Amino acid sequence: MSERISPASRVSGEVCLPGDKSISHRYAMLASIAEGESRIHNFSTGADCHSTLGCMRAFGIRADEQGADVTIQGGGLDGLKAAAADLDAGNSGSTIRMLSGILAAQPFTTRIGGDESLSRRPMERIMKPLGQMGALITARDGRFPPLEIRGAKLRPVDYTLPVPSAQVKSCVLFAGLYADGATIVREPVRSRDHTEIALREFGAEIRVERRVITLQGRPRLTGRELFVPSDLSSAAFFIVAALLVPDSNLVLRGVGLNPMRSTLLDVLVSMGASIQILNVEQQNGELVGQILVKHSRIRGGVIEKETTAALIDEIPVLAVLGAASEEGLDVRDAGELRIKETDRIATIAENLHRMGIEAEVSPDGIRIPGRQRFHAAELDSFGDHRIAMAFSIASLVANGPCEIHGAEAASVSFPEFYRILRQVTA
Ligand code: S3P
């Protein structure tokens, strides 16, 4: 499917976006192994989180959906049953990596794979710590999905993450739920902490001191009512759209503002963005609030080190903003971008070039000079949701309509994207 996106004269209105993908995955997994019923409101509408729900159902867990509300009947820590067939994680790295932590502790063997993109994503990062805990995992070529996970009685581990990855951290913590004693995860670079917050909400005993997380095994997790905030990574596309298009004035309601994710807003404000945050409150341990964003002149600058790690999902759309900024954008320390749903350094650069935008790539970064003009072009998602959406936003400031091929990829995280884009653009 392709989408034709025309230039916009302004971006305005007030919208409420679907639930956060990261938080929805965690709630679905934890609700399934908690005791009793959980009611999750504003669950992500993206295909990725439905891959997680599909997997949990394959283990005999009842999950009923009513619009964006999901009710899950948890079976307790030991309530999962062996799946009758191989599991399909679709496009979702979060599903396969985080769920593996739970599967490593089950008294049965599970095979889990996914689509072509997922089948190229590295899994040694979870196989290593889970192996140290006692699980037996085999993978295609020793490192790619599908995985065969033979569950075992797990030992606790004291593990230092070799890469900044919330998925790996969560995988080890989920496995740690099943090990007797304290599992410790040390993070050299902090990553999003939705798992730590969610575990506490469900009743686990978890301590976080600086970058050391200690979880007591075999807790009693209890089902509960949960509200998922709107996804800031989805909001990022609309925030950048409003910053780029003259006369824009956009309000986003109920957005997740977890400090580990809202680095995006700090960086944008430091570059001159007019962004206001209103009505901040806490929901299930997560910060939620309203974002007001107005068209602004953006200075640009350098994104590197832990800031790159905190903004990793937003780099595609920030690259677009960078090309229009005063000084351009220099993204460094972004090797992880090469192993996302696509090699995002390559797919960003390819689409920028198609639009006549200069960009210089390196093994772990991309530098985009500022004050460039976007030319109408045929663009491609390359099957990557964030690339489809980032270049839809670039199309709003092109000198004519653009065609996005493979536009349907957006539904991996944000099926309503094009509808809402039409609603807020004029
Ligand atoms: C996620 C962590 C990040 C991010 C992904 C979601 C999560 O991946 O890119 O979209 O929900 O924990 P890594 O853990 O590979 O950095």
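Which polar side-chain atom lies 2.6 Å from an oxygen atom of the ligand? That atom belongs to Ser-165. Before going on, some housekeeping: this is a predicted model, where local features need pLDDT of at least 70, side-chain atom pairs count only at pLDDT 80 or more, and totals for chains, interfaces and linings use all residues. Residues are numbered from 1 along each chain as its sequence is written, and side-chain values use heavy atoms, with hydrogens and water left out.

Back to the ligand. Lys-340 also puts a polar side-chain atom 2.7 Å from a ligand oxygen, while Ala-166 uses a polar backbone atom, 3.1 Å from an oxygen of the ligand. These are polar contacts, meaning pairs of N or O atoms within 3.5 Å; within protein, one must be able to donate a hydrogen and the other to accept it, and residues adjacent in sequence count only if both atoms are side-chain atoms. On its own the ligand has 390 Å² of accessible area, and the protein covers 94% of that (Shrake-Rupley method, 1.4 Å probe; for residues, only the protein chains shown count as cover).

The space the ligand takes is the largest pocket. A pocket here is an open set of points on a 1 Å grid over the protein atoms alone, where a 1.4 Å probe fits, with protein on both sides within 12 Å along at least five of seven lines. A molecule sits in one if more than half of its atoms lie within 2 Å of its grid points. Helices α1 (21-33), α3 (93-103) and α5 (166-176) each give two or more residues to the shell around the ligand; helices are DSSP runs of H or I with at least four residues, strands are runs of E with at least two, and both are numbered from the N terminus. Among the residues around the ligand are Arg-26, Arg-97, Arg-192 and Asp-313, where being near takes a heavy atom within 4 Å. The shell splits into three nonpolar, four polar and five charged residues.

Now for the strands, which pair if DSSP finds at least two bridges between them. Strand β9 (residues 144-150) runs antiparallel to β7 (residues 109-113), with four bridges, and Thr-109 has Arg-150 as its bridge partner. β9 is also antiparallel to β8 (residues 136-140), this time over five bridges, with Ile-137 opposite Ile-149. β8 and β9 make a hairpin with three residues between them, and Asp-141 in the turn has a positive phi of about 55°. Look out for Pro-146, too: this residue of β9 is joined to Pro-145 by a cis peptide bond, omega about 0°.

Another strand with two partners is β23 (residues 402-405), which is antiparallel to β1 (residues 2-5) over four bridges. β22 (residues 378-380) pairs with β23 in the parallel sense, over three bridges. Ile-404 of β23 stands opposite Glu-3 and also opposite Leu-379.

Methods:
On a 1 Å grid over the protein atoms alone, a cavity is a set of points where a 1.4 Å probe fits but cannot get out, and a pocket is an open set with protein on both sides within 12 Å along at least five of seven lines; lining residues have an atom within 4 Å of a point. Ala, Val, Leu, Ile, Met, Phe, Trp, Tyr, Cys and Pro count as nonpolar, Asp, Glu, Lys and Arg as charged, and the others, Gly among them, as polar.
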